[in-house]
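Please examine the sequence and the structure shown below. The paragraphs that follow lead through selected parts of the structure in turn.

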Amino acid sequence: MNQNPIYFDHAATTFPYPEVIDVMKEQLATAYGNPSSSHALGRKSKALVEKARRSIAQHLGCQAKEIFFTSCGTEADAWVLQAAVRDLGVQRIITSSIEHQAVLANVEQLSKQNIKVDHLKYEIDGEISLAHLKKLLEGSDQKTLVSLMHVNNEIGNLSPIDEIADLCQEHQALFHCDAVQSIGKLPIDLGQTQLDFLAASAHKFHGPKGVGFAFIREGHQLQPMILGGEQERGKRAGTENVTLITGMAKALDIKFDNLSEDRQKVLKRKHYFINQIKKAIPGIIFNGNCLDDTKSADHIVNIRIPVKETQEGMLLFKMDLNGIMSSRGSACQSGAQTTSYVLKEIYPQEDLLPNLRFSFDASNTFEEIDHCLRELKSIVEQNPV
Ligand code: PLP
């Protein structure tokens, strides 16, 4: 295998920044107190947790008391969805069929408890239909929660969250946004964008795995999902993971301090990849809106590759053997040998050919892209459709 793996799977996870590892090491060595202890070491840990909360809130334009630490994005999604039904009287959920499983599985479970679920229609290439959202919101007096992701993890489509938030406000609906793929990658101002809940995850923005947060707008009284202690102001029991929380805040500091520069770099890599692959592999098809920067995240390109369908599994394997890491859609699904539910949903009539997701980072080089495309081209030439 290539000594320096070429990593194009940043939508699955990212490497922790060296500075993040440093602050976590420092925290582990010097501040091992339990944040709930009243002595000096406990207070030191508590201060680190609260500093992290303040700094995350500042980057997002919200109040520190609106940030609740969780073990991951999945937990934040599950908490918001389940608790909005249980504690806020939500009777109906409007969502899309191309959300992450973290949302879909909870919605599915809630639908079995008499919660009405409406799925949004799409315009071309998986773009959600705002006109349909408006119609659905106008069509019922039931207390409604809209759950839509900011950036789709498989195809990179960007949802117009300001317009969605405005529509929800107009119709007294609540809006939960799974922002796991966008936090740290796109600017967001929760003072402006009037969404009610948001889920985020540190490992998607160069923080550690196993930590994330939920934003719960002040005034919404969600009760905890995990009981057994007064941590997180009584909303999530369990001793706080001070190390991971500190690392997450550091990662977000770095991301926001360099946001526009970082975005330019990622976009350049994405554009280069798109332009070069069009030349290298005629017949390539781009899934979702990745050719339109205004409707797509900077980091994701999802393609259909003209090789024999039977070669779908082989494609990733051969790339991996050559030290190139990408994925088939979502990381949680990529072990499964079935076509992506996202692609099936938005392109129901089409032959989906083997598809791959490439997700970029500012740390990728143009040479890596060239090397990857040479390998991909040679696999395609050896296995024509
Ligand atoms: N939501 C989206 C859009 C994601 O991409 C992911 C991770 O792939 C998750 C939720 C789950 O986040 P976590 O891995 O922190 O549980």
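At what angle do helix α3 and helix α4 pack, and how far apart are their axes? The model in which this is examined is a predicted one. Helix α3 comprises residues 73–88 and helix α4 comprises residues 101–111; the two pack at an angle of about 25°, and their axes are 9 Å apart. Because angles under 35 degrees count as roughly parallel, α3 and α4 are described as roughly parallel to each other. Their crossing is right-handed. On the side of α3, the contact is formed by Thr 74, Asp 77, Ala 78, Leu 81, Gln 82 and Val 85, while α4 contributes Ala 102, Val 103, Asn 106, Val 107, Gln 109 and Leu 110. Sorted by class, the residues of this contact between α3 and α4 are seven nonpolar, four polar and one charged.

Helix α9 (residues 259–280) packs with helix α12 (residues 366–382) at an angle of about 30°, with the axes 10 Å apart. The angle therefore makes α9 roughly parallel to α12. In passing α12, helix α9 makes a right-handed crossing. From α9, the residues Lys 268, Arg 269, Tyr 272, Phe 273, Gln 276, Ile 277 and Ala 280 meet Phe 366, Ile 369, Asp 370, Cys 372, Leu 373, Leu 376 and Lys 377 of α12. This contact of α9 with α12 holds nine nonpolar, one polar and four charged residues.

The next subject is the division into domains. According to the domain assignment of the protein, domain 1 consists of 6–15 + 258–382 and domain 2 of 18–257. The centres of domain 1 and domain 2, taken over C-alpha atoms, are separated by 27 Å. Across the two domains, 34 residues of domain 1 are in contact with 33 residues of domain 2.

Individual residues may now be considered. Is Gln 181 buried or exposed? Gln 181 has a relative accessibility of 5%, and because buried means under 20% relative accessible area, Gln 181 counts as buried. This residue lies in the loop between β6 (174–178) and β7 (197–201). Apart from residues up to four places away in sequence, Gln 181 touches Ala 11, Val 151, Asn 153, Lys 204, His 299 and Ile 300. Gln 181 and Phe 205 are 24 residues apart in sequence, yet 8.5 Å apart in space, C-alpha to C-alpha.

Glu 232 lies in helix α7 (residues 231–234). With a relative accessibility of 5%, Glu 232 counts as buried. When its neighbours within four places in sequence are set aside, Glu 232 is in contact with Arg 53, Ile 67, Phe 68, Phe 69 and Glu 240.

Two further residues concern the backbone. Asn 114 is not a glycine, although its phi is positive, at about 70°. Asn 114 is placed in the loop between α4 and β4 (116–119), and its relative accessibility of 75% means that Asn 114 counts as exposed. Asp 125, likewise a residue other than glycine, has a positive phi near 60°. Asp 125 lies in the loop between β4 and α5 (130–138). With a relative accessible area of 22%, Asp 125 is partly exposed.

How values were computed: Residues numbered from 1 in each chain as written. Predicted model: local features only at pLDDT ≥ 70, side-chain atom pairs only at ≥ 80, totals over all residues. Heavy atoms only, no water. Helix = DSSP H or I, 4+ residues; strand = E, 2+ residues; numbered from the N terminus. Buried < 20%, exposed > 50% of the residue type's maximum accessible area, 1.4 Å probe, protein only. Contact = heavy atoms within 4.5 Å. Axes fitted to C-alpha atoms, helices over the stretch in contact; angles between N-to-C directions. Parallel < 35°, antiparallel > 145°, perpendicular 65-115°, else oblique. Left-handed = near helix turned anticlockwise from the far one by under 90°. Nonpolar A, V, L, I, M, F, W, Y, C, P; charged D, E, K, R; others polar. Domains from an automatic or database assignment.
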